[in-house]
Amino acid sequence: MRKHIITKDEGNWRDIDRFLLSVDSTGSFSKIGCNLALAISLASARAGTKNQLWRITEEQNPAVPVPIGRIISGKQGGASDWMEFLAVPQNPVNPYKTIKMLIDFWSLVGEILKERNALIGKDLSHSWMTRLDNQKTLSLLKQLSSDYDLRLGVNFGAHRLWNGKNYAYRKEGKNLSKKMHFNLVLETARKYRLYYLEDPFHHSDFQAYKRLERELGKKCIIAGNKMYYNNIKNAGRIMAKKPGNAAVLTPSNLGLLSTMERFAGVAKKNQLSLVCSGSYIEPSDHWLSDLAIAFSCPLIKTSITGPDIIKHNRLI
């Protein structure tokens, strides 16, 4: 790989992406690995733009995305079956004030959980882990967010719950039919005035996404993420079905900048908002912030502290 890359012009990152595709030849980077492909694609574009990665698309009116902050996690432990509990600034004034508000809120949540003996610790994304179940977690967040200009969100991670027949809430010891799960999501969204709902249903249940959007209207972001994993070739077909009103752009899943560019283009063509999201565990680097700007993503999902602080600083 090295000897071939050395001869390439770093100013033309699209050519390097085409080279990577030809070397791997599998279409999914099962030979060289998605992480290596992404690293080379990013490095070449950075070299070509003098580390101003957000300039790769020559966006004429770049805007700073609004951060979606990970507050509480159910992915690695705790009593919640849902993956992430999130906070989204409602009326962002500027990046500094927005991010400071998220950090203050995250800190307060940790203090209150500790006071109530409901805090387990932090997971690898620096989100809090709690002994509270789904509803108690949202109840607490709603109560605490009343003093902040924040809206709440949930990444349901429904693919982890779906067993092929029902939605299995293992930590609560119950199975919900499709209808029961849909009603739970809808009631939860209304009760806690959720603004952001990610992967609320199994990734092939497009009708449930459509129905939820009809019920909640345009006041909520209903984003699909898992439906695009290892299915990038069919992204256009999926987006045309309008499963929700947003698509999550995850660089570590897409692999190449050119693939991200196509993904973003198809999403815009189908009038879907874009949410730029890093992996659960990210290196201390700001390239995700640059890509959110480059691909005109109105939202960027990150952790509040830890390695992702550099992403916030980049936005500031």
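What we have is a predicted model, in which local features need pLDDT of at least 70 and side-chain atom pairs count only at pLDDT 80 or more, while totals for chains, interfaces and linings use all residues. Residues are numbered from 1 along each chain as its sequence is written, and side-chain values use heavy atoms, with hydrogens and water left out.

Let me begin with strand β2, residues 84-89, where strands are DSSP runs of E with at least two residues, numbered from the N terminus. Six of its six residues are buried, so β2 is largely enclosed by the rest of the structure; buried here means under 20% relative accessible area, exposed over 50%, and partly exposed in between, with a 1.4 Å probe and protein chains only. Glu-84, Leu-86 and Val-88 point one way from β2, whereas Phe-85, Ala-87 and Pro-89 point the other way. In a regular strand the side chains alternate between the two faces of the sheet.

As for its partners, strands pair if DSSP finds at least two bridges between them. Strand β1, residues 66-73, runs antiparallel to β2 and is joined to it by four bridges, with Phe-85 as the bridge partner of Ile-72. Strand β5, residues 150-155, is also antiparallel to β2, over six bridges, and there Leu-152 stands opposite Ala-87.

Turning to the cysteines, the whole structure has zero disulfides, a disulfide being a pair of cysteine sulfur atoms within 2.5 Å. The sulfur of Cys-297 is 4.7 Å from that of Cys-276, too far for a bond. Cys-276 counts as buried because its relative accessibility is 0%, and Cys-297 counts as buried at 2%.
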